Amino acid sequence: MASSSSALSRLSNLRGHLHPSHSNKGGVGFIKISPEVSEALSNGHAVVALESTIISHGMPYPKNLETAREVEAVVRENGAVPATIAILDGIPCVGLSMEELEKLANLGPKAQKTARRDIAHVVATGGNGATTVSATMFFASMVGIPLFVTGGIGGVHRHGEHTMDISSDLTELGRTPVAVISAGVKSILDVPRTLEYLGVCVAAYRTNEFPAFFSETSGCKVPCRIDTPEDCAQLIDANLKLELGTGILIAVPIPKEHAASGRLIESAIKRALEEARDKNIIGNAATPFLLARVNELTGGASLASNIALVKNNALVGAKISVALAQIKE
Ligand code: PSU
Ligand code: MN
């Protein structure tokens, strides 16, 4: 383990490599922003933040690397710059090079799953951290990226009223003004309690119902329906201009052609949940275990669906991001 002083001094040495507009603003001075992302931010171009736990803990190698690259390509094809966020050797990075992406994909679960609460420790020990939704939102907001795409966010776990296992993603949405595009939350979680706890604007894209990741439906209605990227951009712009200080969750249902395997996946989820309970797998180990087990039980169908919905979210997110950049022009 690197000593804490050396990790911090390497960080402050980075200041010299940062874009001038980002170099002297408190915490942002400790973040390495890729030249491409830095330039896009300075010019007001569309940028989409992407998380990295999905790469390290959400999918097996090499599918994780392949998907991370494809998701970045979808963002580019739709006119925005992708900014994948992770902590590498103790340095928070916004925008990863191909080599950095590969390093993270190779590390897989050896990278530390890093929520907001873990950031200081990973940095101080010079570790490699894959950022969850909460940590990714934190860094995105700090460098001025208003929009972030992922697969699904964390939520209130089933029986959360007893275990108190509520993802810090929900708390982060309540305190950080970044719009998160996701396919809702997985039905391994308690969807109604997740929505109840959120307390921020939750919009559903081209549907009246909150989607449940592998499935287009959850049985929960959403008060705010939005049908175009432009209207999503207006919502985000209003949230920023009013300085509400809270995030927005925009839920995009899985594409129809991939929702078909939903029932098979649902029954696998039930079985994986029972196994997790028997093995007493709890806390931040719960979601990675359930994802891997459900993929095994469905013979890879859940992974294919997962990849399809992340790419679809990237497509929608990039379009919203471009529309948002146009409003600001
Ligand atoms: N939900 C998914 N796939 C994921 C995650 C959640 O369907 O990969 C990851 C995200 O990084 C999310 C994190 O932020 O898990 C939530 O973990 P926890 O429940 O430990 O807060
Ligand atoms: Mn959890």
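The secondary structure of this protein comes to 15 helices and eleven strands. Its radius of gyration is 19 Å, close to the 20 Å that the globule rule gives for 329 residues, so the protein is as compact as a globular protein of that length. The model is predicted. It also holds a ligand, ligand 1, with 18 residues around it.

**Overall fold**
- Along the principal axes, the C-alpha atoms of the protein fill a box of roughly 55 × 45 × 35 Å.
- Of the 329 residues in the protein, 50% are buried.
- Take the contacts between residues at least 6 apart in sequence: 74% of them join residues at least 24 apart.

**Around ligand 1**
- Thr132, Val133, Gly152, Gly154 and Ser167 come nearest to ligand 1, out of the 18 residues around it.
- Two elements give two or more residues to this shell: helix H3 (53-56) and helix H9 (168-173).
- Ten residues of the shell around ligand 1 are polar.
- Five others are nonpolar, and three are charged.

**Confidence**
- The pLDDT of the protein averages 91.
- A score of at least 70 is reached by 92% of the residues.
- For the model, ipTM is 0.97 and pTM is 0.92.

Notes
Residues numbered from 1 in each chain as written. Chains lettered and ligands numbered in written order. Predicted model: local features only at pLDDT ≥ 70, side-chain atom pairs only at ≥ 80, totals over all residues. Near = placed C-beta within 6 Å. Helix = DSSP H or I, 4+ residues; strand = E, 2+ residues; numbered from the N terminus. Nonpolar A, V, L, I, M, F, W, Y, C, P; charged D, E, K, R; others polar. pLDDT = per-residue confidence, 0-100. Rg over C-alpha atoms; globule rule 2.2 N^0.38 Å. Buried ≥ 20, exposed ≤ 12 C-beta atoms within 10 Å, placed from the backbone. Contact = placed C-beta atoms within 7 Å.
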